[in-house]
Amino acid sequence: MRSARAPGIGMTSQRTRDRMVQRLRERGIADERVLSAMAAVPRHVFVEEALASRAYEDNALPIGFGQTISQPYVVAKMIEILLQNNKSGKVLEVGTGCGYQAAVLAHVFEEVYSVERIKALLERARGNLIGLRLANLRLAYADGGDGLPAAAPFDAIVAAAAAREIPAKLREQLAVGGRMILPLHAGDAQRLVLVERSGRAFRESELDAVHFVPFEAGKA
Ligand code: SAH
C-alpha cells in the first residue's frame, strides 16, 4: 500500500521537501525554475515505501535492478547547467530509472523525452509518474546510445548513467545552441561533462566529480 504517497505526511510532507530545497540553495543552486521544480516533485513517490522517510535526504537511493535514484543536488545541478542558455524547449533524458528526474524536467522544459533500457524499470517509472499527470513527458523503451531520432533535435540532453565516451548519436541529435550534460568515466573516477553545440562545433568542459551507475549498451 502506498496510501501516504499523495499529499505526504511527516517525512514526506511539503515542509520536508521545502527543507530539501533550502539545502539545495545553501549548496549553491540558484535558478528559481529549478528550485521550484524540485519543490513541486514528490521524490518519495519514486522510492520504495520503506525508503520514503529518507527520500528528502541529499543521497542516491536504490530503486531495484542494481540502479539508483539520483541525488537531488546532482539532479538540480545538471538541470541548472542545461538551462544556462535559456533554451527550455525540448529535452532528452537517457536513463529514466524510477522517473524522478524526468518529472523534474517536465516542470522546466516544454517537452520531455526520457528513454530507459530496462523494460521492467520503465514500467515502474510509468506507475510512479501516473498520478503526477505530466502531459508534456513521454517515456520510451530504448537504448539511449541511439538517442531518440524520431524526436530530435533536442535543445538539451542529459544522461543519468556514466559512459566511457560521448555517444556520437547523442552529439548529432543536439540542436545548434543546445547543451548536453553527462557523466563520463575518467580513469577510476567520473566527471560531469558539458557539451555545447554552436553550428558544427562542439565545446566540451569538465565539471564536478560525480558517481553514477554505468551506461550500458542494448536493451534489457
Ligand atoms: N534518472 C533517474 C536515474 C536513474 S539511474 C533518476 O531520476 O533518479 C540511471 C538509469 O540509466 C538506469 O535505470 C539504467 O538502466 C539506465 N541506463 C543505463 N544505460 C542506458 C542506456 N544505454 N539507455 C537507456 N538507459 C540506460
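1. Basis. The model is predicted: local features need pLDDT of at least 70, side-chain atom pairs count only at pLDDT 80 or more, and totals for chains, interfaces and linings use all residues. Residues are numbered from 1 along each chain as its sequence is written, and side-chain values use heavy atoms, with hydrogens and water left out.

2. Ligand shell. There are 26 residues around the ligand, and Ser-70, Gln-101, Glu-116, Gly-144 and Glu-216 come nearest. A residue is near a molecule if one of its heavy atoms lies within 4 Å of it. By class, the shell holds twelve nonpolar, nine polar and five charged residues. Here Ala, Val, Leu, Ile, Met, Phe, Trp, Tyr, Cys and Pro count as nonpolar, Asp, Glu, Lys and Arg as charged, and the others, Gly among them, as polar.

3. An oxygen atom of the ligand is 2.8 Å from a polar backbone atom of Ser-70. For Gln-101, a backbone N or O atom lies 2.8 Å from an oxygen atom of the ligand. For Gly-95, a backbone N or O atom lies 2.9 Å from a nitrogen atom of the ligand. The ligand has 580 Å² of accessible area on its own, and the protein covers 100% of this area. Accessible areas come from the Shrake-Rupley method with a 1.4 Å probe; for residues, only the protein chains shown count as cover.

4. The ligand sits in the largest pocket. On a 1 Å grid over the protein atoms alone, a pocket is an open set of points where a 1.4 Å probe fits, with protein on both sides within 12 Å along at least five of seven lines. A molecule sits in a pocket if more than half of its atoms lie within 2 Å of its grid points. The elements that give two or more residues to the shell are strand S2 (67-69), strand S3 (90-94), helix H4 (100-108), strand S4 (111-116) and strand S11 (213-214). S2 gives the most, with three residues. Helices (H or I, at least four residues) and strands (E, at least two) are DSSP runs, numbered from the N terminus.

5. Helix H4. Eight of the nine residues of H4 are buried, so this helix is largely enclosed by the rest of the structure. Buried means under 20% relative accessible area, exposed over 50%, and partly exposed in between (1.4 Å probe, protein chains only). The buried residues of H4 are Tyr-100, Gln-101, Ala-102, Ala-103, Val-104, Leu-105, Ala-106 and Val-108.

6. Helix H3. This helix is mostly covered, with eleven of its eleven residues buried. Among them are Lys-77 and Glu-80, as well as Pro-72, Tyr-73 and Met-78.

7. Asn-86. This residue lies in the loop between helix H3 (72-82) and S3. Asn-86 has a positive phi of about 55 degrees although it is not a glycine. Its relative accessible area is 55%, and Asn-86 is therefore exposed. The side chain of Asn-86 makes a polar contact with the side chain of Arg-33 (3.1 Å). A polar contact is a pair of N or O atoms within 3.5 Å; within protein, one must be able to donate a hydrogen and the other to accept it, and residues adjacent in sequence count only if both atoms are side-chain atoms. Asn-86 and Asp-155 are 69 residues apart in sequence and 9.7 Å apart in space, C-alpha to C-alpha.

8. Arg-133. Phi of Arg-133 is near 50 degrees, a positive value in a residue other than glycine. Arg-133 lies in the loop between helix H5 (119-129) and S5, and counts as exposed at 72% relative accessibility.

9. Loop between S5 and S6. The peptide bond from Ala-152 to Pro-153 is cis, with omega near 0 degrees. Pro-153 is found in the loop between strand S5 (137-141) and strand S6 (154-159). Ala-151 is also placed in the loop between S5 and S6, and is buried, with a relative accessible area of 9%. From Ala-151 to Tyr-113 the C-alpha to C-alpha distance is 8.0 Å, across 38 residues in sequence.

10. Strand S8. Ala-175 lies in strand S8 (residues 174-186), and is buried at 14% relative accessible area. Ala-175 and Arg-197 are 22 residues apart in sequence and 7.1 Å apart in space, C-alpha to C-alpha. Gly-178 also has its place in strand S8, and counts as buried at 1% relative accessibility. Gly-178 and Val-195 are 17 residues apart in sequence, with 8.4 Å from C-alpha to C-alpha.

Notes. On a 1 Å grid over the protein atoms alone, a cavity is a set of points where a 1.4 Å probe fits but cannot get out, and a pocket is an open set with protein on both sides within 12 Å along at least five of seven lines; lining residues have an atom within 4 Å of a point.
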